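Here is a sequence with its structure, and a short tour to go with it. Have a look first, then read on.

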Number of protein chains: 2
Amino acid sequence: MTAIRISGKDISADVRAKVAAEVAKLPVKPCLAVILVGEDPASEVYVRGKLKDTEEAGMISVHHRLPATATQAEVEDLIAGLNGDDNVDGILLQLPLPKGLDADAAIERIDPSKDVDGLTEVSAGRLSLGKPGLRSCTPSGCVIMAKRALGNDLSGKHVVVIGRSILVGKPAALLFLAENCTVTIAHSRTKDLPAVCREADILVPAVGRPQMVKGDWLKPGAMVIDVGINRIDAPEKGEGKTRLVGDADFESCADVAGYITPVPGGVGLMTRACLLVNTLYAACARRGWQAPEIG
Amino acid sequence: MTAIRISGKDISADVRAKVAAEVAKLPVKPCLAVILVGEDPASEVYVRGKLKDTEEAGMISVHHRLPATATQAEVEDLIAGLNGDDNVDGILLQLPLPKGLDADAAIERIDPSKDVDGLTEVSAGRLSLGKPGLRSCTPSGCVIMAKRALGNDLSGKHVVVIGRSILVGKPAALLFLAENCTVTIAHSRTKDLPAVCREADILVPAVGRPQMVKGDWLKPGAMVIDVGINRIDAPEKGEGKTRLVGDADFESCADVAGYITPVPGGVGLMTRACLLVNTLYAACARRGWQAPEIG
C-alpha cells in the first residue's frame, strides 16, 4: 500500500466541529425536521443517526413519524405544514417510502429553501445553473475529501465519475465542474471503462458494484473517492458473516493510487456531516445571516 | 475534405416539416408568446424569425412588446398574465433584456410547463434528474444532428463538450448522457485540451472562440458539432467585410472528421427548429395529448 488513506472519520469529525462552532454563534438554533414513514428497520437506524448528529452539533431536531399506512396526502400535508413553519430550517424525508407512496411527488412538495437533501427539481436546477442552493450531501462530501487531500484549488484536475445516478453521479459531476475540474461521466455503457478511468486524477466510483475498480484501472498517484457501500460474504470471518466493501478493490487500488478513501469510514460519514452543513446553510439563507463556508 | 457535411438546413427543414405535420393533426393550434423588451436591432431580427417559423409550422404566435423603459414588475406581470392564459402554450422571453432588468428573476417567473427555452431552474432540474420536461433548444438540436449522422443509438459514444455554459455546455452534456453516451465536459481550465478532444467520437465545441479546434485535435472519423457562431474579419471579401465561422477550423477539421456541421447553416438552424418542437411538446403536455417524438 502506497496510497494515503483519506479518513472520512477524521474529516467528518472536523466538519461537524466546524458546524457546531458556527451554530454556537447564531442567535437561534437551526432546526431540522426528519420525516419517517413506516417502520423500515434500516431507515430507523439512519434517522436516529441523523437526529443524534443534529443534536450534537447544537441544532434542534424534530422527528415526525407517520404510519406505513399513511396516504400520499398525509405525507404531503405534513411537508406543507413544515414548509410553513418558520421555526423549521431543513426538511428531510427519509427514503425509501412504503410501497404505494410517490416519493418524487412528496419530495417536490419540500420548499427548496429547506431541501437539505438537495433532491428537488429546483435544487438540481440551481446546481446545474450554478446558482446558490442546497447541494446533495454525498457529492458535497466527495468534494470536501478531494480538497482535504489535494488542496482547495482543484482546477484542471480530471475527475472521472463512474455512475450517473441523480443522487451521486450527476450532482458529483456538476459539483466538480464548478470547482473547475474537467469532468467525465462514465457508466455501464462506457466502452473500455478501465482506459477511461486511467485518465482520472480523481476517480469517483458510484455504481454499487463491489470491488469493481482494480488497481490497474488507475493512473499512478490518482485519488480514489469510493462512494460504493456494498455488503459481501466474508467467510474468513466465520460462516454466514459479511463485511462492507466499496466499489474499488481497496488492496490493489491502494498500491497504485496516491490517495484513497476507505469503506467503511469514508464517504458515508461525509454524507452525514454534509447534512449538518446543509441545515446550517439553510438556516443562514432563510434567516438572512451570512453563511460561513465549511469545507 | 473527407468529412460528410451535416447540413442544419436540411435537417431543420425536415424537423420543421414534421412539426407542421403533427400540428395539422391537433384540434387546437399551439400558441407561442414571444416577449421583446426594448428595441435591440439583433433581437428584433431574432424575434421576427421566431414568429415567422411559428406561423409557418401552423402554430399561432403572439408578439408582446414592452418599451426599454419597462420596469421589472411590468415584465414579470406580463409573464404572469401569459402563465395564466390557457391559450398560451409557450412563453419565450427574448434575451438580453435592457440594462437594469433582472433576466434571471424574470425567467423564473415563467411557468415551467410553458418554458420553451428550457431556462428555468425547474427545467434544468428536470433535465438533470432525468424527468420529462422542456429541454434547451441548442443542445437538443445537437443531439438530433448526431442521430441523423450516426444513427439513433448513440450508446457508448464518447462525447466531449467544450464549454460549460448553462445555455449549451451543461445541458448538452446531460442530454448526451441521457442518450447513454460517455460524456466529458472540458473548458478553459482543462489541461491538454487537444488530447482530451482526441478521445471524442463526437466533439461539441461551444465556447465562442473562432476556429479554435484544429484538425489535429480530432480522432479520425469523429463527428464535430460546431455550436460556435463567431464573426471575424474577412479582408478577402473586401475592406471592412466580415464572415461567420464556428469554434472549429472547418478546413482542417473536415480533413480528419467523419462528419462536420458547417457554420453558418449548422446548429443555429437547429436551435430555431427545436423551439418549434418545444412549443409542440408544451402544447401536448399541457393539454394532455400524446406528444409525438420528433428527432
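In which helix is A:Asn83 found? A:Asn83 sits in helix H3 (residues 72–84) of chain A. Helices here (H or I, at least four residues) and strands (E, at least two) are DSSP runs, numbered from the N terminus. Before going further, a word on the ground rules: this is a predicted model, in which local features need pLDDT of at least 70, side-chain atom pairs count only at pLDDT 80 or more, and totals for chains, interfaces and linings use all residues. Residues are numbered from 1 along each chain as its sequence is written, chains are lettered from A and ligands numbered from 1 in the order in which they are written, and side-chain values use heavy atoms, with hydrogens and water left out.

Back to A:Asn83. Setting aside neighbours within four places in sequence, A:Asn83 is in contact (heavy atoms within 4.5 Å) with A:Ile91, A:Arg109, A:Ile110, A:Asp111 and A:Lys114. A:Pro220 is another matter: 137 residues separate A:Asn83 and A:Pro220 along the chain, and their C-alpha atoms are 49 Å apart.

**How the two chains relate**

Two copies of a chain are related by a rotation about an axis and a shift along it.

**The sheets**

Two strands count as paired if DSSP finds at least two bridges between them. B:Val159 has B:Val183 as its bridge partner in S6(B).

Chain B also has an open sheet of three strands, in the order S3-S2-S4, with parallel pairing. Strand S3 (60–66) and strand S4 (90–93) of chain B are its edge strands, each pairing on one side only. From one strand to the next, the twist averages 20°. Seven bridges link strand S2 (residues 31–37) of chain B to S3(B), and the two run parallel. B:Ile35 has B:His64 as its bridge partner in S3(B). Across S2, S3 and S4 of chain B lies helix H2 (residues 41–56) of chain B, running at about 160° to S3(B).

**Helices packing in chain A**

Helix H10 (residues 267–287) of chain A packs with helix H2 (residues 41–56) of chain A at an angle of about 55°, their axes 10 Å apart. H2(A) and H10(A) are therefore oblique to each other. Their crossing is right-handed. On the H2(A) side the contact is made by A:Gly49, A:Lys50, A:Asp53 and A:Thr54, and on the H10(A) side by A:Arg272, A:Leu275 and A:Leu276.

Helix H1 (residues 8–25) of chain A also packs with H10(A), at an angle of about 15° with the axes 9 Å apart. H1(A) and H10(A) are therefore roughly parallel to each other. H1(A) passes H10(A) in a left-handed crossing. Residues making this contact include A:Val15 and A:Val19 of H1(A), and A:Ala273 and A:Leu276 of H10(A).Some terms for these pairs: axes are lines fitted to C-alpha atoms, for helices over the stretch in contact, and angles run from 0 to 180 degrees between N-to-C directions. Angles under 35 degrees count as roughly parallel, over 145 as roughly antiparallel, 65 to 115 as roughly perpendicular and the rest as oblique. A crossing is left-handed if the near helix is turned anticlockwise from the far one by less than a right angle, and right-handed if clockwise.

**Backbone details in chain A**

| Cis peptide bond | Omega |
|---|---|
| A:Leu95 and A:Pro96 | about 0° |
| A:Val263 and A:Pro264 | about -5° |

A:Pro96 is in the loop between strand S4 (90–93) and helix H4 (103–108) of chain A, while A:Pro264 lies in the loop between strand S11 (259–260) and H10 of chain A.

A:Asp192 is not a glycine, yet has a positive phi of about 50°. A:Asp192 is in the loop between strand S6 (182–186) and helix H8 (193–197) of chain A.
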